[in-house]
Amino acid sequence: IFRDVPSDITIEVNGVSFALHKFPLVSRSGRIQKLVAEHRDSDMLRVELVNVPGGAESFELAAKFCYGINFEITSFNVAQLFCVSDYLEMTEEFSKDNLGSRTEEYLEIVVCKNLEMCVEVLQQCESLLPLADELKIISRCIDAIASKACAEQIASSFSRLEYSSSGRLHMNRQTKCEGDWWIEDLSVIRIDLYQRLITAMKCRGVRPESIGASLVNFAQKELTKKCSLWNPSGLTKVDLGSTDHERLVVETIIGLLPVEKLAVPISFLFGLLRSAVMLDCSISCRLDLERRIGSQLDIATLDDILIPSFRHSGDGTLFDVDTVQRILVNFSQQDDSEGDMDDESVFESDSPRSPSQTALFKVAILVDNYLAEIAPDANLKLPKFLGIAETLPEHARTIHDGLYRAIDIYLKAHPSLPDEDRKRLCKLIDFQKLSQEAGAHAAQNERLPIQSIVQVLYFEQLRLRNALCCSYPDDDHKPAVHHQSWRISSGALSAAMSPRDNYASLRRENRELKLELTRMRMRLNDLEKEHVCMKRDMVKSRSRRFMRSFSKKIGKLSLFGHSSSRGSSSPSRQSYRTDSKVIERTCASTD
């Protein structure tokens, strides 16, 4: 437009010079108007603008607007134009429909009505801080996204409502929720803005499951290179610039986790815990994670709790046993606190609650498997092994096979363990809670102390005697072994004979009991065979009796006349009479 008119002002922005004219700029920009007023005497003015929001690119668009050149305002440049209009003071005070009002209108009418555009504007605001925050562009976009996400979830919830067979309205849980499509879009926002956005969503009432899914997706995008932070050869830290960013992401996500249980998968919580340990995050973050994991430890798996030891500690263990022990302590304390809860507190959470005893059983199995995994570590000290095993109460284990297996592996991996430590370790096992297979293995296990083997044989003997007693319902037919009183007790054995003699006598009695049990089984098999034969004979005798009675009825019908039948006698009667005469003669001769 002004090609024929020579330039009378040169404005330099970030090293880029713009040869312009005073009149169109002064008519729109209050800042340039003040600069020109300060240098009225100079015909050729040269001005340098510093800290221009958006740099030379945004200033060029503002200059085009002053010259009346048309260009499109989009979600990718509205933040820069809004900020540069404030910087250049392009308000309604200097011109009607100025750049400031135009961008304000576009932001309010177009951007805030669309979630994707709000996300794009937030991305552009990352390079415009703190001015974009002072102009409330960020807060307006965050509020719009939170409101839009909440509205989408409400609409999706209404779409999943349906009537049951009884005519009652209920929510169909099996239908996939379509109101969380925005989760993927939020993963591109910077961590500080993302933190403010999730906080706003919580205040708006967005579902905890949706917030948890967004946190999982964001963490997967941001922490994909966390394995490169470590030297694989020695597990020593590598000083990279991204370490601080990774630590900030982990700590921020931990602080944003919903308080509700099951809002995020427990495997994700363990992944965050590994990252927190690996990146040396704050102690408060790690303790918060351990508390969250402990509250739902009953749904964890063995792979979850096998946390590698990333730091070179004095003992040099392969796994982080201390962290797992703290998690178990949190679980035990949470279990006790849940038992003291009032009934009203049950309705404060929508998450399903399982009985505490069931959770204890599951965690006990998990702990026994964990002990079996860490037991082969030669650097694992006995106090740490005992600390994990003794964390749970005694009633948590209904069967001690898993604990016995873990202790046996530990004894095998530590052959130089003193006898006192072996006895201390084996005191954890209740040999009365061993299965028959585990008891048979323990009775022949040379790694166990002799006192433990005696206890195993004693309880095995009791089990065999109980089996013999149950096999004989009548007291008259019980074996002689049962009539012996229970004279064998741990105190009497230790006082009467040495452990080795006690061990030999118990094994001898166990062999006799096993032989007696074998004889009983053989006798039982014979009785079953005799029972089958008797049933077969009874069936045959019934068929013969039926044929005999049938023939008698046929004879009574007298098909060949009454005279013959009356005059004759049957052979059976004649034979019966002769047999009776013979018997009488035999009796007389004997007399």
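Start with threonine 10. Beyond its neighbours within four places in sequence, threonine 10 contacts Ser17, Phe18, Ala19, Met44, Leu45, Arg46 and Val47. Contact here means heavy atoms within 4.5 Å. Threonine 10 sits in strand E1, residues 9-13. Helices (H or I, at least four residues) and strands (E, at least two) are DSSP runs, numbered from the N terminus. Is threonine 10 buried or exposed? Threonine 10 is buried, because its relative accessible area is 10%. The cut-offs: buried is under 20% relative accessible area, exposed is over 50%, partly exposed is in between, with a 1.4 Å probe and protein chains only.

A word on ground rules. This is a predicted model, where local features need pLDDT of at least 70, side-chain atom pairs count only at pLDDT 80 or more, and totals for chains, interfaces and linings use all residues. Residues are numbered from 1 along each chain as its sequence is written, and side-chain values use heavy atoms, leaving out hydrogens and water.

Now the whole chain. The protein chain has 26 helices and seven strands. Of its 591 residues, 40% are buried. Take contacts with a separation of 6 or more: 70% of them join residues 24 or more positions apart.

Next, helix H4. Nine of its ten residues are buried. Among them are Leu81, Phe82 and Tyr87. Just after H4, glutamate 89 has a positive phi of about 60 degrees.

H4 (residues 78-87) packs with H6 (residues 115-125): their axes come within 8 Å and cross at roughly 50 degrees. Axes are lines fitted to C-alpha atoms, for helices over the stretch in contact, and angles run from 0 to 180 degrees between N-to-C directions. Val78, Ala79 and Gln80 in H4 meet Val121, Gln124 and Cys125 in H6.

On to the core. A nonpolar core is a set of buried Ala, Val, Leu, Ile, Met, Phe, Trp, Tyr and Cys residues joined through side-chain atoms within 4.5 Å. The largest has 145 residues, and Ile137, Met201, Leu297 and Leu425 touch the most other members. Helix H16 (residues 356-374) gives the most to this core, ten residues. Domain 1 (9-113) and domain 2 (318-334 + 356-470) both contribute residues, so this core lies between them. Those domain bounds come from an automatic or database domain assignment.

Last, leucine 425. Leaving aside neighbours within four places in sequence, its contacts include Leu382, Phe385 and Tyr410.
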